Amino acid sequence: MNASLSAESLSDLALERIYVTQPHLAPLEEFLPYLREIWDRKILSNGGPFHEQLEQALCEYLGVEHLALMSNGTLGLVTALQAHRIAGEVITTPYSFVATAHSLLWNGVQPVFVDVEPTTLNLDPTKIEAAITPQTTAIMPVHCYGHPCDVAAIQRIADNYNLKVIYDAAHAFGVETASGSVLKHGDLSVMSFHATKVFNTFEGGAIVCPDARTKQRIDHLKNFGFVDETTVVASGINGKMSEINAAFGLAQLRHVDAALARRREIDEMYRTTLSHVPGIRCLSKGTETVANCSYFPVLVEADFPLSRDALYEYLRKHEIYARRYFYPLISDFPMYRNLPSANRANLPVASEAALKVLCLPIYPALSDMDVVRVVETIAHAGR
Ligand SMILES: *Cc1c(COP(=O)(O)O)cnc(C)c1O
């Protein structure tokens, strides 16, 4: 044994590492029969039977009419913008994963960043109108952490100015408000089924569409623009989900209710126990009636003895890998920071949140003991 190790670091050696998330996997035995079917059938992609089944099953589960599976959420965003021929400028949030704005650049569209509101950290509807110009064609909000945007206020502005609304709903799987699925708002909603998300297909995503005609256009766009063997109507991309990913999604879907229930328990546990830790503020719940607890963001306030970054480092030293979602802001990355709307003076709420937020570990396999360990480590850091 290394005699130079302190008692504290020795006890840390025994600690298991806790990451911010851990992918939820259906039991392997339940997945294997799907593989056998694929091997027998030899249909691997291009809208195979599992692809069709998963589209159907997700429509039923999510309570939506039409949905087009995609190979990932980013190509979903890119394709959703193309489906509505979005050009010019699009109003969006700086407080998100970088793919939100990247999907605009991939379409040659200029992002216009508008600040978020302090309770949900979603796009602030009261600040949208001032950012509208003759070039504005759409609004791309994000249901950040799965908390619903103010969809009614956003739709009113969109209607007044004849703008499309395309939601980045990557965090919003299964979220419902009093009026049903949050995915039914706007012109399109785009989901991600990446490994780190609440419902995953390894990689994957989907676009929720209001009608069959829009879904058909998206089905063409995700298959190079082909409408039949010899006709290509648009410069579409290859955004199709494979049969393997779709089959895995079918296996996952049977376990998603249990996974969501466990997430809600952990969310409750954090809220109760962290209420005794001064300087740590949990982000309030949104307007959802059914939450998915996809993330557990806290704000490290000025009265906490450590800065957010010092707490982040302290937790890492204790084998707890929390994440600073979302820091840096999208508007601070090099391809965006010279845009007029990227100026931090234009984005005070988002800028402050990016310096305060820390997303704590939350995933179905996280035990009660793990939650206690995370909270006690934070409390200890604050002493
Ligand atoms: C994960 C995520 C995406 C990208 O989805 P992928 O499936 O990884 O391409 C886009 N926007 C947000 C807000 C996300 O969290």
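Three cavities of 30 Å³ or more turn up here, a cavity being a set of points on a 1 Å grid over the protein atoms alone where a 1.4 Å probe fits but cannot get out. This is a predicted model, where local features need pLDDT of at least 70 and side-chain atom pairs count only at pLDDT 80 or more, while totals for chains, interfaces and linings use all residues. Residues are numbered from 1 along each chain as its sequence is written, and side-chain values use heavy atoms, without hydrogens and water.

Start with the largest cavity, which holds about 90 Å³ of space. It is lined by 14 residues (those with an atom within 4 Å of a point), and His147, Asp267, Arg271, Lys285 and Tyr295 are the closest to its centre. Helix H9 (256–274) and strand E14 (296–300) each give at least two residues to this lining.

Next comes the second largest cavity, with a volume of about 50 Å³. Its lining includes His171, Lys197, Arg263 and Tyr295. Domain 1 (7–23 + 256–381) and domain 2 (28–253) each provide at least three of its lining residues; the domain bounds come from an automatic or database domain assignment.

Finally, look at the largest pocket, with about 680 Å³ of space. A pocket is an open set of points with protein on both sides within 12 Å along at least five of seven lines. Among the 35 residues lining the largest pocket, Phe97, Val98, Lys197, Tyr325 and Phe326 lie nearest its centre. Both domain 1 and domain 2 contribute to this lining, so the largest pocket lies between them.

Conventions: Points joined across faces, edges and corners; volume = space filled by probe spheres on them. Helix = DSSP H or I, 4+ residues; strand = E, 2+ residues; numbered from the N terminus.
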